[in-house]
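Me: Hi! Could you walk me through this one with me?

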Amino acid sequence: MSDGPFLVPVLGDQLSHDLASLRAVDRDGAVVLMMEVADETTYVKHHKAKIAFILSAMRHHAEALRKDGWTVDYVVLDDRANSGSFTGEVARAVERHRPRAIHVTEAGEWRVRAMLDSWTDRFDCPVTIHEDDRFLCSHAEFDSWAAARKQMRMEFFYRDMRRRTGLLLDANGQPEGGQWNYDAENRKPAPGRDLLMPQPIRFRPDAVTKAVIDMVAERFADHIGRLDLFHFAVTREEALRQQKRFLDEALPRFGDYQDAMLTGEPFLWHSILSPYINAGLLDPLALCRAVEERYRAGKVPLNCAEGFIRQIIGWREFVRGVYWHEGPDYGARNALGAKRDLPGFYWTGETDMHCMAEAIGQTIDHAYAHHIQRLMITGNFALIAGIDPHQVHVWYLEVYADAYEWVEMPNVVGMSQFADGGLLGSKPYAAGGAYINRMSDYCRGCRYDVKKRVGEDACPFNALYWDFIARNARTLARNPRMAMPYRNWDRMKEEDRVATREQAARFLDALR
Ligand code: FAD
Ligand code: DLZ
Ligand code: SF4
């Protein structure tokens, strides 16, 4: 065995000081390897700001590790010798350092897991792949939870996570306030503009970030997105400042307006923390404990604290569990047989549907849209228009700064497109214009009339919704949660049904 150092490759979504692979080695006898590689920047055409965020955060993290006493071998994208892949760069590092062993924390997606798995055969030294314990629920724990159930439902998983962490439990181990879930209180429509709207901190790019932005602008000019509005935190300290801003200013109303949408207001009372949590700059459990503390100190109502904690220890952990439980072919599912191409306006925001123009426009500007925009605007449109779920998945993976396959795919393929046939959600999130009108001010500024189903100025969501219902009757009509829409469709006059479907067909034919 070589008496060289331990080699610890740290991937772009592993920017945490408390990482299992770092804990496994002695820092004096280790080399941390960080790699900017073409494969990762182009396996889909990520939003420019997403690439700039990840590469800048990686460069800052390398500096932070060095300050902490680690030796870091950092390969930049522009390095002429850069092989372009994780495996190629580990091979070059093995030549340089002749390590005694490689320690790596497991990857966040099947594609990269396969690379890591190949290293044992490929390299002469032992390779240990550590479980990623930044998540609360391991793969084995999720698998045994799922094996004990006929249906996987987030709500029951979430209750187990509450019990496990002790978050928001009373002295008797019961849920605080007597209920596990206060979602019913968290559906207030968009308020007027008289309320003082919190804003996330806009971090000014430092020299490191500026250099990355320039490189991204040149090298990825044909990727979606703007760089001139770049405002992301790129260090743990900055991310913690944004966390504090959220806790102080937005969390007290987070729950109330969780589903609301307002023209020109991309952030509302959301945390804008997902890019930092997913890249490893913030610790999700510590964040939940800080939220609980605010509740216990009387600074935050229970519906807001519970609503936020549920998103993290409930949804976030649950979708990850589903992603790994279902296997690498999960992304190929298409239970509704949807085949249409994703329309071009998903890349430009140029559409006269005001809700779509807003959600896509801010996505291009900020690599961000909040949950209801992703689910009930862009996701809902793709679902009811019958867009190929794989193309929808690739779009979401490209455009959001927080998108990694383990979290994006179940949200898109499962929750939003129902392409897994109801594994993740019990019914499709399909809606007509009335829902969008109730939760936003979008329809007021739209050339379409949200109240109309047919006619030149009818809101496209209305005819598309009923067309979706009619088109998928064979798959969906027996779902008890879809009984109401099917009853309403059956009650509609025959001529109205025909006119509605013709309206939808005309709209879909004109889609490009
Ligand atoms: P907040 O509204 O402030 O929520 C707090 C935190 O809860 C988030 O930061 C996130 O960590 C977590 N969270 C909330 N909902 C979910 C969820 N459904 N799944 C996992 N975590 C959740 N989230 C991603 O992190 N990456 C994605 O690629 C992604 N793709 C999505 C695609 C679709 C179609 C949908 C419907 C949702 C997707 N989500 C994704 C979940 C959610 O929309 C984002 O986590 C959220 O909008 C991030 O903004 P925020 O930090 O302001 O969230
Ligand atoms: C998303 C991304 C991008 C754009 N670039 C890099 C990179 O150059 N180097 C790196 O280590 N990671 C990058 N990432 C994040 C990885 O894709 C992510 O860590 C893997 O998907 C593993 O889950
Ligand atoms: Fe969207 Fe229809 Fe409302 Fe226009 S009228 S904003 S297309 S829901």
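Reply: Happy to! The space taken by ligand 3 is the second largest cavity. A cavity is a set of points, on a 1 Å grid over the protein atoms alone, where a 1.4 Å probe fits but cannot get out, and a molecule sits in one if more than half of its atoms lie within 2 Å of its grid points. This is a predicted model, where local features need pLDDT of at least 70 and side-chain atom pairs pLDDT 80 or more, while totals for chains, interfaces and linings use all residues. Residues are numbered from 1 along each chain, chains are lettered from A and ligands numbered from 1 as written, and side-chain values use heavy atoms, without hydrogens or water.

Me: Which residues are around ligand 3?

Reply: Among them are M353, C355, Y442, C446 and F461, each with a heavy atom within 4 Å. The shell has 10 nonpolar residues, 1 polar and no charged, with Cys and Tyr counted as nonpolar and Gly as polar.

Me: Is C446 buried or partly exposed?

Reply: Partly exposed, because its relative accessibility is 21%; buried means under 20%, exposed over 50%, with a 1.4 Å probe and protein chains only.

Me: How many disulfides?

Reply: The count is 0, taking cysteine sulfur atoms within 2.5 Å as a pair. For C288, the nearest cysteine sulfur, that of C304, is 14 Å away.

Notes. 1 Å grid on protein atoms, 1.4 Å probe; cavity = no way out; pocket = protein on both sides within 12 Å on 5 of 7 lines; lining within 4 Å.
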